[in-house]
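Subject: Handing over a structure, with notes on its salt bridges

Dear colleague,

Here is the structure I promised to pass on to you. Please keep it open beside this message while you read.

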Amino acid sequence: LSDALLPSIYHLTVSPDGKKLAYTGAALSFGNEDIYFYDTETGKVSNATIEAYIIWSMKFTDDNHICIMSCNDLLADSVSYSEEMKIKQTGYMDVMCFDSSLKQVWKTELAYNDVASGINSMYLPARNAVVVYAGDAAVIYDQQTGTELNNYQTGSTIITCSDRNDDGLPEFVCKHGEYIFALNETTNNLVVYNALCDNISTAVA
């Protein structure tokens, strides 16, 4: 990429094979964003304008798909555990999947409660699915169709997520030190361990 482009690159994400980059430019207008794909082997840059307000997360799920989470709510991170600071109870995230030609594969909406600290997505290879999470909500979608496979309510803000056993069953670390994991693919049941510290704000992979 040209050095001249670097100041205007946002939400940079790299494909798992390292051959593609995706990023956004400066917002064209409120409600519209330009997204770009850069092929490191050919040097080709392609772009498209999408309907999105504030992009909170953009991430490759596999080598040919990206998941974008956006909302039009400037207060997405405003809910506090302090009773005096509770500004809102429920937020909504648009969740969009695009292929490498920047064609929108599917779009849906994620509803969450509690402060949205760890807004992100993760690919689950064992199920060819994507788990997305914000606030106390996490939903697994089929990557090809966007069909909802599981819908989890953790009861506490999700900070980070992993698939440590590579079995397609996500594990979550939450705000109040909870370690939470899904039991199986067919239910939305969760196991909760209060095993960590009392107040977690960030996590480093």
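The notes below go through the salt bridges one by one.

Please bear in mind that this is a predicted model, in which local features need pLDDT of at least 70 and side-chain atom pairs count only at pLDDT 80 or more, while totals for chains, interfaces and linings use all residues. Residues are numbered from 1 along each chain as its sequence is written, and side-chain values use heavy atoms, with hydrogens and water left out.

If a salt bridge is taken as a side-chain nitrogen of Lys or Arg within 4 Å of a carboxyl oxygen of Asp or Glu, the count is three. One of them joins the side chains of E41 and K19, with 3.8 Å from N to O. Because E41 lies in the loop between β3 (31–39) and β4 (45–52) and K19 in the loop between β1 (10–14) and β2 (20–24), this pair ties together parts that are 22 residues apart in sequence; the strands are DSSP runs (E, at least two residues), numbered from the N terminus.

For accessibility, buried means under 20% relative accessible area, exposed over 50%, and partly exposed in between, using a 1.4 Å probe and protein chains only. E41 is exposed at 58%, whereas K19 is partly exposed at 36%.

Another salt bridge links R127 and E185, whose closest N and O atoms are 3.9 Å apart. Here R127 is buried at 13%, and E185 is partly exposed at 42%.

There is also a salt bridge between E171 and R164, at 3.4 Å from N to O, in which E171 is buried at 5% but R164 is exposed at 58%.

Best wishes

Key:
Helices (H or I, at least four residues) and strands (E, at least two) are DSSP runs, numbered from the N terminus.
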